[in-house]
Amino acid sequence: MMQEKREETTSTNKKITTRSQSLYKAIWRWHFYAGLLFTPFLLILAVTGGMYLFKPQIEERLYHDLYHVQAQSQSVSPSAQVQAVKENYPSADVLTYKPSDRSTRSSEVGISLKDRTYTIFVNPQNGHIVGKLDDSSRLMNQIEEFHGELMAGTAGDRIVELAACWAIVLIVTGAFLWWPRKKDKIKGVLIPRFSKGKNVLARDLHVVPAFWISAGMLFLVLTGLPWSGLWGNAFQQIATNAGVGYPPSIWVGSAPTSTVQTKDVAVVPWGAETLEIPNSTAQQYTKVSLDDIVTIAKEQHIHDGYTISIPQEPQGVYTLSVFSPKAQDETTIHLDQYTGAVLADYRYDNYGFMGKLIALGITLHKGTQFGFINQLIGLIICIGIAGIVISGALLWWKRKPAKNMGAPKVPEGNAMRIVTCIIVVFGLVFPLVGLSLIIVWLLDFFVIKRIPVLQRFLNA
């Protein structure tokens, strides 16, 4: 009787061990391919993100001569500054005006000229033109474009979004693979093992740092996704429809019926992007001057560093927006261009719960919320991501057999199906992941399984 019980227990333990090993292999296989496919993109995101964190310092160094002017006792009006730009660039359209926020800082006038946009720097003390920058050639604009869409437009945006979504899969599967099966084990789990040989050290230098930065990496992915073109727009629309976007109470008078959104005419905080633009209605009056708009901005206590988007149509409005370092200072205001009346005043305090959360996430993601310490933490995470991406690639290359990819074999039993089902559910939440799964399935069914050489190479 005792013997039978022991055999039954042994058999049960073997089944549990086999299931556990199958599950481990299944998750490892997904982690392996996801890591291999998205390594280049994650490396690009880490490097460009690390550089973008220090945008203020880099631009200060690059454009010091354009940013700074000598302080003087007198100054010229904003209208006179813009007029000076018009005289120098008579065929240009003036789009924006950013007032100087201190006596030694130049003002900025944004213009459109021959299908390109430029920033003209003006000395607010005397109205002289300090210099001009082609916006598309600004280093940090290029890095931002590379970070957000690989400088490839919509296609690049979708690839970045796909890489970010699969990064979540990598983090979750990586955490499972990292999880210590022996609870008293610290080395190789929390600290690398330097005395166990090169192979063990190579493994630990990928796994251990990945554990330490995984929370930060997940935070950067989740706070970056709201900017993405597909998932981000859908999420923003859902947030708005759910009433956590902007409340009707921000309107002074009736809410507008316009279908034009604020992001179509100005660079504004995430929470104000889908805000409908009201119209200037009192078109029988003379337009309010830019000087009056600057005065109104002061009266409205808008944070320094704001930009005024100048109306281009008779029914258009002045849009004042500030994408401040701290989320709590974000403001978007629409003013009637004929009366200066405030048509909408939308600030951080007006955001719904989700809007505030996203706004804080964005300023933390960009490293501006807490200044240098925020930048430093972001940089450490970016360096960590680059490190685990490179170490993962080297680990694979070192272990890779000569005749195939070195992918873990498809495990027997239901483990692979279970893990695949979980990732399919994940694909429903993140549509690009779902689309990529369909492409992989089609590729597997119609190509890989019908070519034995390819099947062996991929361990499929």
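## S2 and S3

In this predicted model, strands S2 and S3 (residues 116-122) run antiparallel and are joined by seven bridges. Leucine 113 has arginine 116 of S3 as its bridge partner.

The two strands form a hairpin, with two residues between them. Lysine 114 lies in the turn, and its phi is positive, about 55°.

## Burial of S2

Strand S2 spans residues 107-113. Six of its seven residues are buried, so the rest of the structure largely encloses this strand. Buried here means under 20% relative accessible area.

## S1 and S2

S2 also pairs with strand S1 (residues 93-98). Five bridges link S1 and S2, and the two run antiparallel. Lysine 98 sits opposite glutamate 108 of S2.

## S1 and S5

S1 has a further antiparallel partner in strand S5 (residues 307-309). Two bridges join S1 to S5. Threonine 96 is bridged to serine 309 in S5.

## Pairing order

The pairings can be read strand by strand. S5 is joined to S1, S1 to S2, and S2 to S3. Each of these three links is antiparallel.

Definitions and conventions:
Residues are numbered from 1 along each chain as its sequence is written. This is a predicted model: local features need pLDDT of at least 70, side-chain atom pairs count only at pLDDT 80 or more; totals for chains, interfaces and linings use all residues. Side-chain values use heavy atoms; hydrogens and water are left out. Buried means under 20% relative accessible area, exposed over 50%, partly exposed in between (1.4 Å probe, protein chains only). Helices (H or I, at least four residues) and strands (E, at least two) are DSSP runs, numbered from the N terminus. Two strands pair if DSSP finds at least two bridges between them.
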